[in-house]
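Q: Could we go through this structure together, one topic at a time?

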Amino acid sequence: MPSASVAKPHRTHLSSRLMRESLLDKKVISATSTQTELAILPDVNVIALGGQSILDRGKKALVPVLDQIVKARKQHKIIIGVGGGARVRHTFHICLDLGIPLGGLAMVAGAVDEQNTRLVSAVLAKHKGIALNKDHFLDLPLWLEAGMIPIMTGMPPYHYWEPPAGTQRTPTHGEDLGMFMVAEVLGARSMIFVKDEDGLYAEDPKKNPRAEFIPAIEVNRLLALGLADLPIERTVLETLVNARHARQIQIVNGLKPNTVLRAINGEPVGTVIYVGEENAPQRGLWGSRRTPRAMKRTPARARHNSHGR
Amino acid sequence: MAAKRRNGSAVAARTASHPSPAAPLQGLLAQPYGDAIKILPDVNVIKIGGQSIMDRGRAAVFPLIDEIVENAARHRILIGAGGGTRARHAYSVALDLDLPTGVLASIGCATSRQNARIMQMLLAKHGGVYLNPEDFEKLPLYFRVGCIPVMVGMPPYEYWEKPSEHGRIPQNRTDSGVYLTGEFLGARSVIFVKDEEGLYSGDPKKNARATFIPRISVQELLAQDLDDLVVERVVLENMLNAANVRQIQIINGLVRGNLTRALNGEPVGTIIYVA
């Protein structure tokens with residue numbers, strides 16, 4: 001039973017349009033939408049380098065990708081995000097075996113991204129690469145204006161506050177989501193995920209070698225396909241549905257020459273995933289009419305989640 | 001191409017030039033694991049509402065401080081601070097400037113931090129310590145020496161707060177952060193101290209005929225698809241996926257004794273549970 005009603009002490013309000021309103025009220029929430037959301041850094045390109053797919057392969061895979069980024073930096077502002085890779089998977093394995101809860105996994109995984117950030121920043125230092133700690137996120141305009149290439153850890157700062165995901169005991173907010181959110185909140189020009197596969201296939205190419213390659217797909221259709229195996233974290237797709245700025249992303253195969261450079265220059269060279277037909281690639285950055293060179297397909301590797309890819 | 005793949009030459013060529021060092025790890029995370037441990041299972045996480053408690057000042061806060069101090073002798077208490085009217089003001093200005101959700105989330109933290117620091121000062125002589133999120137791992141130390149840690153309620157998502165379907169108000173605010181703190185710790189209880197008895201069938205501030213709901217399942221509550229809620233919607237969604245905190249309690253902190261009863265496990269206020 002509710003306790004007897006008492007006279008409530010006075011509340012000191014600060015006058016605002018949300019004063020006295022419940023921020024949980026659907027009508028109040030909907031009234032806060034805008035058609036003209038500000039793009040904070042609209043000319044920046046966010047490039048996410050896969051951990052397992054690129055970094056763990058070492059010099060042969062990483063250096064050509066970095067060369068393309070340095071070349072592209074002459075025309076375009078670029079932020080690099082790095083994934084973790086094999087060491088993240090190993091960390092998760094040890095943690096799960098020890099019974100560490102989800103938030104603990106999310107907290108310790110970031111250290112691997114940090115290692116990779118330092119590796120990439122050492123390689124790129126003479127080309128103006130610089131590690132950007134998330135605490136210095138607001139310094140981005142300075143670094144970009146100075147011609148630098150900021151390198152960030154991919155993992156979003158969810159840490160111990162990683163939302164539970166039922167039976168999945170590894171974080172659902174990984175490096176792909178972290179870099180997607182950088183592109184989204186900045187209103188970036190492009191979001192490119194550099195992986196070791198050309199993009200998406202209609203079926204698992206491991207099981208069906210004739211599986212059809214998908215050069216572009218609307219995200220709700222992709223989610224409806226219910227593919228068990230995605231080259232990108234599912235959370236990215238679920239967030240893309242509600243994106244205000246980053247309404248197109250491209251997954252490219254960084255093991256193939258010049259894909260990253262071409263994607264930054266506006267060519268569709270992998271799979272473009274977009275939300276709503278109004279954001280189909282023909283109407284966006286990757287609407288180039290140039291036919292992409294016939295792409296050789298690379299076989300997908302077996303995997304059990306998308307972490308550190 | 002397919003034929004080439006079948007005889008293995010394409011794969012071999014690719015492997016030679018780009019060896020994948022991860023091969024031995026394949027299948028690693030598919031194996032069955034034992035249950036997760038609980039980090040601090042005897043801790044009670046208590047959220048002190050911003051607009052509902054802090055903004056009412058001394059008349060609301062001082063009695064609550066007294067009650068927290070009394071109970072801290074018997075229970076381990078971790079306090080999470082809400083935001084309130086200043087957060088709303090900051091959100092309003094940010095909304096007017098057409099700024100995205102991530103910016104709102106990042107500025108919302110500051111109001112919650114102010115309230116946490118204010119609570120710490122009020123609790124200092126009783127062992128109140130401000131817990132910087134970076135010092136989260138020091139919690140066991142603070143409890144060991146009998147402190148009452150106070151932390152910011154907002155989760156640290158900031159610019160990484162995902163956009164929601166409607167509007168630009170961050171979905172994860174102080175209710176969410178406090179709940180997730182309890183879920184991670186495997187806490188004994190998560191209690192939201194507000195200025196209403198709990199959940200009503202409507203907004204009691206606007207509709208006097210709204211009826212009180214002492215106990216309801218998350219599933220039922222979500223199915224009702226109410227326009228307004230007593231706790232952030234994302235908390236309910238997270239509860240459905242949670243391993244530890246499958247029940248939360250919302251109490252009226254303006255009534256002396258409610259917090260004590262809730263900490264003693266009594267059904268005061270509204271209990272929301274996973275069916």
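A: A term is needed at the outset: helices (H or I, at least four residues) and strands (E, at least two) are DSSP runs, numbered from the N terminus. The expected span of a helix is 1.5 Å times one less than its number of residues.

Q: What should I know about the model and its numbering?
A: This is a predicted model, in which local features need pLDDT of at least 70 and side-chain atom pairs count only at pLDDT 80 or more, while totals for chains, interfaces and linings use all residues. Residues are numbered from 1 along each chain as its sequence is written, and chains are lettered from A and ligands numbered from 1 in the order in which they are written.

Q: What span should helix 2 of chain A have?
A: Its 14 residues should span 20 Å at 1.5 Å a residue, and the end C-alpha atoms of helix 2 of chain A are 19 Å apart, which agrees.

Q: Which residues of helix 2 of chain A are buried?
A: The buried residues of helix 2 of chain A are A:A61, A:L62, A:V65, A:L66, A:Q68, A:I69 and A:A72. A residue is buried if 20 or more other C-beta atoms lie within 10 Å of its own, exposed if 12 or fewer, and partly exposed in between, with C-beta atoms placed from the backbone.

Q: What do the buried residues of helix 2 of chain A pack against?
A: Their partners in chain A are strand 1 (44-49), strand 2 (77-82), helix 4 (102-124), strand 4 (149-153), strand 5 (190-195) and helix 9 (259-264). Two residues are in contact if their C-beta atoms, placed from the backbone, lie within 7 Å.

Q: Take A:Q68: what is it in contact with?
A: Leaving aside neighbours within four places in sequence, A:Q68 is in contact with A:N258, A:V260 and A:L261. A:Q68 lies in helix 2 of chain A and is buried, with 22 other C-beta atoms within 10 Å.

Q: Changing topic, how many residues of chain A are in contact with chain B?
A: There are 78 residues of chain A in contact with 78 residues of chain B. The largest share of the side of chain A that touches chain B, seven residues, comes from helix 3 of chain A. By class, that side of chain A has 33 nonpolar, 26 polar and 19 charged residues. Here Ala, Val, Leu, Ile, Met, Phe, Trp, Tyr, Cys and Pro count as nonpolar, Asp, Glu, Lys and Arg as charged, and the others, Gly among them, as polar.

Q: What ipTM does the predictor give the complex?
A: The predictor gives the complex an ipTM of 0.84, together with a pTM of 0.87. Chain B averages a pLDDT of 89, and 90% of the residues score at least 70. Over residues 1-24 of chain B the pLDDT is below 50, and this stretch has 26 contacts in the model beyond near neighbours in sequence. pLDDT is the predictor's confidence in each residue, from 0 to 100.

Q: Now chain B: what does its helix 4 pack against?
A: The buried residues of helix 4 of chain B pack against helix 5 (101-123) of chain B. Among those buried in helix 4 of chain B are B:R86, B:Y91 and B:L95. Just after helix 4 of chain B, B:D98 takes a positive phi of about 65°.

Q: Where is B:E158, and is B:E158 buried or exposed?
A: B:E158 is in the loop between strand 4 (148-152) and helix 7 (174-185) of chain B. With 22 C-beta neighbours inside 10 Å, B:E158 counts as buried. Its phi is near 45°, a positive value in a residue other than glycine. Most residues other than glycine have a negative phi.

Q: And B:D225, buried or exposed?
A: B:D225 counts as exposed, with 7 C-beta neighbours inside 10 Å. B:D225 is found in the loop between helix 8 (218-224) and helix 9 (233-241) of chain B, and has a positive phi of about 50° although it is not a glycine.
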